[in-house]
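Please examine the sequence and the structure shown here before reading on. The text that follows is intended as a guided explanation of selected regions.

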Amino acid sequence: MQHDAIAERRNNIAPIPFEADAPFLKIIGELPRELNGTLYRNGPNPQFDASGAHWFVGDGMLHAFHLENGRASYRNRWVRTPKWLAEHDAGRALFGGFGRKLPDAPADLTDGGVANTNIIFHAGKLLALEEAHLPTEIEPGTLATRGYHNYQGRIASSFTAHPKIDPVTGEMLFFGYNAAGPLTPALSFGSIDACGKATRFERFEAPYASMVHDFIVTANHVLFPILPIAGSMERAMSGRPPYAWEPDKGAYVGVMKRNGTAKDIVWFRGEACYVFHIMNAWEEGNRIVADVMQFEEAPLFPHPDGRPTDPEKSRARHCRWTFDLSGNTDRFQQTYLDDLTGEFPRIDDRRAGLKSRHGWYACANPKLPMFGALSGIVHVDGNGKRLGHYLLPAGDTISEPVFVERSSDAAEGDGWLLAVVWRARENRSDLAVFNATDIEAGPAALVQLGHRVPDGFHGNWVGAA
């Protein structure tokens, strides 16, 4: 009983203070022989403690699980951003949260980027991403940092942590805050073709300054959610929260045709809410349907006066947004598809922007006192109906599930889910491999690490060339 209580009190947020290589990992069960490649995952792992800084703004650390012919190895490295290098040389923290310099930091030090949110592979380049800066190029395999990648100078502002890669054209679409910073209503939008050439970059004004973490892309449209975690330079300058929950500002989603321009954006309005992550979106005649993980009130961010938001409403649930493009209304519909707390939704990426029949997300176990910790996986169909539900032992937690197809021509959903699991009692981590359409059976294989991988954000699979 005491052991259970310890497991429930502990969490997996604290950073690990080392980089490691583990060439031969123990495997429980049998790794599918078709799994040949690397799962790259990113997340915050502060090099130094900074007073008042939230853990999720810590330095990016990459974790790579390489699977080949039934064997597994592991490597982790910090992303050596300008901030990381400066602090490493100084032997102490020079920045607080959100790029805020500490009073005793050198005057000429301006770049507080952490590259800690996502890692993607596009047009032959592996890129560590975080929404306030340019992509940081990473050397595959070694995880060595190559530096910022600005697409031959064509990208003139920050770059989202959640770009969308079109599975048909290979094009990557992105948005970002403008060069003046995130606390303004100015945003940018652009695209990179399948060969890695920047083909488009333009700017536009949102209804207000919002923390825009993710966006929506379908075959013919791009949608920009402007939701009321609102930014205020005045608050930031006076030492109050730069971002705060301001529901009176309302929820807006801008809809733009992919072959149009930012001047053509049509703004739809909805009930105040917040969404960090999109599962998928597609077109049905004159409608756009988007499945998201929606919060009634924002988590992590207070009201402008510092009051916390309601924890009961600050949990995400699978929700469907519907937009009528025929001009009958400027309101979009928001319909919850499930009451289960969840986050980090993923699909078979070969269906990105197209109607999909399978989705997965990490979920919480409402029966446990650790309500809110992600401790299981849900598999849903194209209408949000649960097809499977797997829960970890009490106290253990799970990261974002990443889908890997069995082969390039396999049916949608035919493959595996890979997710990093923290074992609370042993204080270490496993890489769990599930059959994607039978998650209730539990992991088909476990790759065991001797240490823990701290809770992180996003990752992706890169198959062997």
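The model is a predicted one.

An unreviewed UniProt entry places the feature "binding site" at His-162, His-213, His-277 and His-458. These positions are spread over 297 residues of sequence, yet they cluster in space, the largest C-alpha distance being 12.7 Å.

Two of these histidines may be considered in turn. His-213 lies in the loop between strand 13 (198-205) and strand 14 (216-217). With a relative accessible area of 11%, His-213 is buried, because the cut-off for a buried residue is under 20%. Residues up to four places away in sequence aside, His-213 touches Thr-117, Glu-131, Thr-160, His-162, Phe-175, Tyr-274, Phe-276, His-277 and His-458.

His-277, by contrast in setting, belongs to strand 20 (residues 274-284). His-277 likewise counts as buried, at 7% relative accessibility. Its contacts, again without residues up to four places away in sequence, include His-162, His-213, His-458, Asp-214 and Glu-343. Between the side chains of His-277 and Glu-343 there is a polar contact of 2.8 Å.

The largest nonpolar core holds 75 residues, of which Phe-224, Ile-229, Tyr-274, Trp-321, Phe-323 and Ile-398 touch the most other members. Strand 20 gives the most to this core, with 6 residues; this is the strand in which His-277 is placed. Phe-323, leaving aside neighbours within four places in sequence, is in contact with Leu-223, Val-253, Val-255, Phe-268, Asn-286, Arg-287, Ile-288 and Phe-332. A second, separate core comprises 20 residues, including Ala-72, Val-402, Trp-416 and Leu-449.

Which residues of helix 2 (residues 82-90) are buried? They are Lys-83, Trp-84 and Glu-87. Seen down the axis of helix 2, these buried residues fall within an arc of 95 degrees, so they line one face of the helix. Strand 5 (71-78) is included in what covers them. Helix 2 is followed by Gly-91, whose phi is positive, near 75 degrees.

Note on methods:
Residues are numbered from 1 along each chain as its sequence is written. This is a predicted model: local features need pLDDT of at least 70, side-chain atom pairs count only at pLDDT 80 or more; totals for chains, interfaces and linings use all residues. Side-chain values use heavy atoms; hydrogens and water are left out. Buried means under 20% relative accessible area, exposed over 50%, partly exposed in between (1.4 Å probe, protein chains only). Helices (H or I, at least four residues) and strands (E, at least two) are DSSP runs, numbered from the N terminus. The arc is that of the directions from the helix axis to the C-beta atoms. Contact means heavy atoms within 4.5 Å. UniProt positions are given in the numbering used here, feature names are shortened, and annotations may be inferred rather than shown by experiment. A polar contact is a pair of N or O atoms within 3.5 Å; within protein, one must be able to donate a hydrogen and the other to accept it, and residues adjacent in sequence count only if both atoms are side-chain atoms. A nonpolar core is a set of buried Ala, Val, Leu, Ile, Met, Phe, Trp, Tyr and Cys residues joined through side-chain atoms within 4.5 Å.
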